[in-house]
Amino acid sequence: MDFLEEPIPGVGTYDDFNTIDWVREKSRDRDRHREITNKSKESTWALIHSVSDAFSGWLLMLLIGLLSGSLAGLIDISAHWMTDLKEGICTSGIWFNHEHCCWNSKHVTFENRDKCPEWNSWSQLIISTNEGAFAYIVNYFMYVLWALLFAFLAVSLVKVFAPYACGSGIPEIKTILSGFIIRGYLGKWTLMIKTITLVLAVSSGLSLGKEGPLVHVACCCGNILCHCFNKYRKNEAKRREVLSAAAAAGVSVAFGAPIGGVLFSLEEVSYYFPLKTLWRSFFAALVAAFTLRSINPFGNSRLVLFYVEFHTPWHLFELVPFILLGIFGGLWGALFIRTNIAWCRKRKTTQLGKYPVVEVLVVTAITAILAFPNEYTRVSTSELISELFNDCGLLDSSKLCDYENRFNTSKAGELPDRPAGVGVYSAMWQLALTLILKIVITIFTFGMKIPSGLFIPSMAVGAIAGRLLGVGMEQLAYYHHDWAIFNSWCSQGADCITPGLYAMVGAAACLGGVTRMTVSLVVIMFELTGGLEYIVPLMAAAMTSKWVADALGREGIYDAHIRLNGYPFLEAKEEFAHKTLAMDVMKPRRNDPLLTVLTQDSMTVEDVETIISETTYSGFPVVVSRESQRLVGFVLRRDLIISIENARKKQDGVVSTSIIYFTEHSPPVPPYTPPTLKLRNILDLSPFTVTDLTPMEIVVDIFRKLGLRQCLVTHNGRLLGIITKKDVLKHIAQMANQDPDSILFN
């Protein structure tokens with residue numbers, strides 16, 4: 001009897017920490033689409049169903065964009081308010097942050113726009129004064145106390161409710177998009193806890209950003225909303241197309257860069273990115289950016305805090321300092337990856353990893369104690385980047401803009417280069433100290449058990465280095481404008497050098513050095529700044545930083561963390577250059593026990609259940625007989641278990657001695673024997689096979705491009721062995737003189 005005419009719930013699904021079969025998933029989707037198209041010609045209702053099925057993808061993108069944009073706005077507003085809460089409170093409305101509090105004040109002047117009677121520091125509230133050493137100590141104490149409280153809440157919530165909510169999430173999302181299954185990583189609990197703890201982590205003043213985790217938040221939104229649509233709920237490959245688009249929406253709201261978001265998804269995180277996904281990613285990123293713009297979290301009609309516009313053209317000679325910034329970015333990227341991975345490995349392999357709460361509190365305490373005395377480390381990193389990118393105007397009250405004004409007239413909006421005043425020199429020292437703190441503390445912060453992005457700290461390191469170099473170049477051009485390198489384009493009293501532009505180029509260089517992004521990075525940066533004419537400096541810095549960083553280490557930070565965690569991710573960018581054959585990698589090897597197989601029509605239910613209980617394999621080849629070893633197909637372990645359980649419940653007479661057959665027709669059975677069990681419907685009749693002499697570089701290419709889980713090895717049609725994705729990854733690790741057992745998962 002064939003009880004499998006009706007599909008069984010659970011057949012065709014995957015266990016946790018398993019890889020999906022891309023070929024099977026795509027084939028199932030094509031069959032589903034063909035069936036809907038054929039039925040649409042039969043009735044009006046079927047036609048409506050066909051149209052709604054085609055439209056469902058766009059509706060899903062709309063919902064992802066709306067939800068991602070709304071959550072990003074909520075995170076931005078909450079983090080801004082809670083960051084200011086460490087320094088004081090607004091008496092006219094506790095829900096106002098410092099800036100909004102003083103906006104509503106009638107007692108504020110333009111010069112002192114951040115000082116108003118409605119905003120009270122903690123020393124004013126506790127001891128009624130803001131002057132003197134005791135007031136400073138009170139403010140210092142409250143700053144550290146709030147930072148510790150926020151960090152403690154963040155790490156406790158992650159530890160208790162959603163362990164997957166820690167980190168940036170991008171390495172895991174890259175792995176999931178390559179076909180790996182990590183159940184719960186994109187679930188509702190992870191989304192809820194990540195959103196709350198991201199606000200707390202950013203507000204604690206730690207050297208981390210919210211931009212990377214926003215990609216994880218957007219992918220959680222995409223995964224949860226997929227469950228509303230049958231097409232995406234039941235097909236893992238289709239769901240990954242949606243997650244690619246969600247990643248684009250995440251970057252779109254993180255940086256206010258919809259096009260950069262699409263390119264980031266294509267360049268950095270996606271494994272399979274068809275043209276249809278490109279359009280849908282663009283639409284999701286557009287809706288997300290529009291939603292965030294409607295919320296207007298910063299009150300300046302911009303999507304990010306550090307939006308800036310430059311008007312001064314750059315000169316050809318300036319490519320030299322821009323390339324120097326690229327070299328610095330590459331060196332910093334390579335240094336950061338090596339030291340951070342070494343620290344994370346130490347955390348994994350020592351007692352340190354058992355005390356995540358203590359680690360977070362210690363790093364937070366050190367960060368807060370060192371940050372408070374320096375005004376550039378006290379503010380949030382986004383505000384610091386905003387100030388570093390800023391092009392000084394006449395009305396700027398920042399120390400970075402404390403120049404001596406030695407001119408009579410100037411064109412509107414354009415100031416000539418001026419000699420640096422006391423404030424600028426003071427700011428340079430403070431920024432140099434900030435640079436050292438950021439470089440050191442970020443190494444220990446990234447990878448802790450709290451949500452932590454790397455984009456903003458990397459950009460801050462580059463922006464500080466760029467601003468320092470920019471001010472140096474500006475002063476050099478002012479005092480030595482008659483030098484040969486300046487006299488052709490920089491006359492006295494002209495606006496030659498823009499330090500803010502150097503900060504922007506430095507930020508791009510350092511971010512590129514750490515992540516190895518190129519195209520998407522340049523697009524994100526010019527969308528951030530609205531400066532199309534600065535594409536060449538950005539490209540020069542991004543490419544230089546990538547070359548320098550690649551010369552010192554091939555992996556970006558996300559690939560390094562994937563390898564550290566042992567995720568089964570086959571990197572598409574790496575070439576396999578070794579001359580090994582399929583027979584060198586397949587299981588079983590010489591002197592190993594024979595390959596575990598099922599026969600097509602001679603095994604009982606008990607035989608199959610014994611094999612399942614005694615092995616941990618994800619699937620089994622089916623052969624004609626043990627003697628011939630002629631291959632028939634491949635059956636998955638999960639499908640076998642579910643089908644046998646279902647048959648025992650629903651089919652009369654199925655017992656342990658019932659024969660299981662995978663053939664088209666039932667084998668002849670003696671009279672008075674129990675009913676047979678036909679399982680041909682769960683058999684993959686076209687498994688991928690290679691011969692034993694196939695070069696491994698071709699096998700690796702097949703695994704990468706088709707997203708296979710396993711590949712069977714034959715010789716003259718006889719089954720010899722099997723190569724799984726894990727075997728391929730172990731072999732690549734072995735060839736690179738790495739520990740093959742570092743590949744942890746099935």
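Helix 27 is followed by G707, whose phi is positive, near 65°; helices here are DSSP runs of H or I with at least four residues, strands are runs of E with at least two, and both are numbered from the N terminus. The model is predicted, so that local features need pLDDT of at least 70 and side-chain atom pairs count only at pLDDT 80 or more, while totals for chains, interfaces and linings use all residues. Residues are numbered from 1 along each chain as its sequence is written, and side-chain values use heavy atoms, with hydrogens and water left out.

Within helix 27 (residues 696-706), M696, V699, V700, F703 and R704 are buried, that is, under 20% relative accessible area with a 1.4 Å probe and protein chains only. Seen down the helix axis, these buried residues fall within an arc of 135°, so they line one face of helix 27; the arc is taken over the directions from the axis to the C-beta atoms. Their cover includes helix 24 (582-585), strand 9 (689-691), strand 10 (710-715), strand 11 (718-724) and helix 28 (725-735), contact meaning heavy atoms within 4.5 Å.

In strand 6 (residues 631-636), five of the six residues are buried.

Key:
Buried means under 20% relative accessible area, exposed over 50%, partly exposed in between (1.4 Å probe, protein chains only).
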